[in-house]
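Biologist: Could you show me how to read the cores and the sheet in a model like this one?

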Amino acid sequence: MNYLSVENISKSYGEKVLFQDISFGINKDQKIAFIAKNGTGKTTILNILVGNDSPDDGQVVSRKGLHIAYLAQTDQLNSEQTIEEAIFNSDNKALKIIHEYENALKNPEDAEAYQKAFELMEQHHAWDFETQFKQILFKLKLEDISLKVGDLSGGQRKRLSLAIILINKPDLLILDEPTNHLDLEMIEWLENYFKKEKITLFMVTHDRYFLERVCNEIIELDQGKLHSYKGNYSYYLEKKEERLAIEQTTVNKAKNLFKKELDWMRRQPKARTTKSKSRIDDFYHIKEQASQRRQDHKVQLEINMERLGSKILEMHNTSKSYDEKLVLDKFDYVFKRGERIGIIGKNGTGKSTFLNIITGNIPVDSGKVVVGETIKFGYYTQKGIYVKEGQKVIEVIKEFGEYIPLTKGRKISAGHLLERFLFDRKKQYDYVEKLSGGELKRLYLCTVLIQNPNFLILDEPTNDLDILTLNVLENFLLDYPGNLLVVSHDRYFMDKIVDHLFVFEEKGVIHDFPGNYSDYRVYEDSQPKEIIIEKKIEKNTVPSSKEKLSYQEKNEFKQLEKEITKLEKEKMIIETQFANNEIESEKINEISQRLQLIIDGITTKEGRWLELSMKMEA
């Protein structure tokens, strides 16, 4: 079933042509990723799809009554509302019924209103919907729905926007970088949610594991043309390589034919027959094919790094708290030369604070931080580049000098350096405020690297960078000889460039894990599941004096704990059997079905367990 058709749309801003004659369709249950370089109009296309912008030519036709939801990079939330008001400010009938029921629970003395709300919940089968939406709020860390939107951080607002969209269950969900501002735990939950839900997606994302595990089609805008790949990210990489090889063969053949036809053209007399005129027309078509050249310039990163001494960085018994919140508890570590460390942990566990302590921007409460004499930090922060009004791109680089030193005593002009960072001569004289989000990040990265740091600190460097730039940055970092410290939720990026991890947990605890992110996930998944369940229960259970469960519900709550633990054990046994190839081939299908039933059972029971635990806390 076709949901939406894009028919020959084009868009320009002044002389800059973003795209021309773009056509594609979105069908029910498709999960499509849209890939293109920064600055080629990805966000513009998303805005055209949802009606926030219009094409210069062409049209977008959607199915009558289609419910489209859009997660933009900038939210449209009302800062005066509470989280609760923002969620229930919807035409969703089930949500309105749940809201009435929630209000009735707050006024138990009005028995008639409670009975009416209860009957509506029964009549519209809203209990499952209520469980699902509370699960979404719980997973996105939005349990306190009394908070005002205006008091939320940027990350919390992004999560609230995402929660509202997921709760309302649109027919078509359009997402612009959905994993930005989510921690790794939330990203993995969202990934699993999209995998199992029957939902239609069209999204822009740089998260390559997300592309690999969620999407079943990838559309790429490359050199002004659309290419569709019916598969995930691995399939896309394979088929794109094949396409480029075929294109190059076609160009090479055209070049050989062009030489032959050019010789013929030079030998022809002025008076030509109809037949020769036809050949002349073909000549110009061949000439166009032979002249095709891909604009795949690569970012060339080359720095004149300061020599690293014997002492790099030492942290001795360092502690830091904010009010009563402990973010660093007596942390000790001596950094070795050339270490490549990734930092992971939930939002709010102190990752950015840790980086600011290292660079001296925030003092410690106790202990000391000793920085080696030869250390020169390069700090890429989440705040990004400071944009001066009326400043042009080239003027940003010229603040560091007309000529920038490179390795082996060489130097390069500011203009040539920008060309290496994919800013052509025309783009260099654009105003900085006109750059796309990804172009701004690329310019900021340039300003950090040209200062020749030997200890590079990157705080969420992959946000808003296109996949092509990410690949180049990764290749540069693999060859980077200095120390590297990276905070990132991009699992693919972390797997590629770090050797071990600092895992930030609550109450200032930091674990040093010897391996990359995938190694860490394997380790975590190998831990006995009953321990994880016990931690959940311990965290969410409140003293019995606050409990509002009936006697029957208390028994159900205890029984659920036992059943979940039992199912988790069985799931782990089956998964281990699959991993070790211990299952006979004729039983694989049967055991796979059993595993799916177990997973579904765990999801249902955890949902009910969560519902009861939240009722206890009410």
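Predicted model: local features only at pLDDT ≥ 70, side-chain atom pairs only at ≥ 80, totals over all residues.

Biologist: Which residues have the most contacts inside the largest nonpolar core?

Modeller: In soluble globular proteins, nonpolar side chains tend to be buried together. A nonpolar core joins buried Ala, Val, Leu, Ile, Met, Phe, Trp, Tyr and Cys residues through side-chain atoms within 4.5 Å; buried means under 20% relative accessible area (1.4 Å probe, protein chains only). Here the largest has 53 residues, and Leu160, Leu166, Leu173 and Phe194 have the most contacts inside it. Helix H6 (residues 154–168) gives the most to this core, seven residues; helices are DSSP runs of H or I, at least four residues, and strands are runs of E, at least two, numbered from the N terminus.

Biologist: What is the strand order in the open sheet?

Modeller: Strands of a sheet pair through backbone hydrogen bonds, either parallel or antiparallel. Two strands pair if DSSP finds at least two bridges between them. The six strands run S5-S6-S7-S3-S8-S9, with mixed pairing. S5 (68–71) and S9 (225–229) are at the edges, each with a single partner strand, so one side of each has no neighbour in the sheet.

Biologist: How many bridges join S3 and S8?

Modeller: Four, in the parallel sense, between S3 (residues 31–35) and S8 (residues 217–222). Ile32 stands opposite Glu217 in S8.

Technical notes:
Residues numbered from 1 in each chain as written. Heavy atoms only, no water. Buried < 20%, exposed > 50% of the residue type's maximum accessible area, 1.4 Å probe, protein only.
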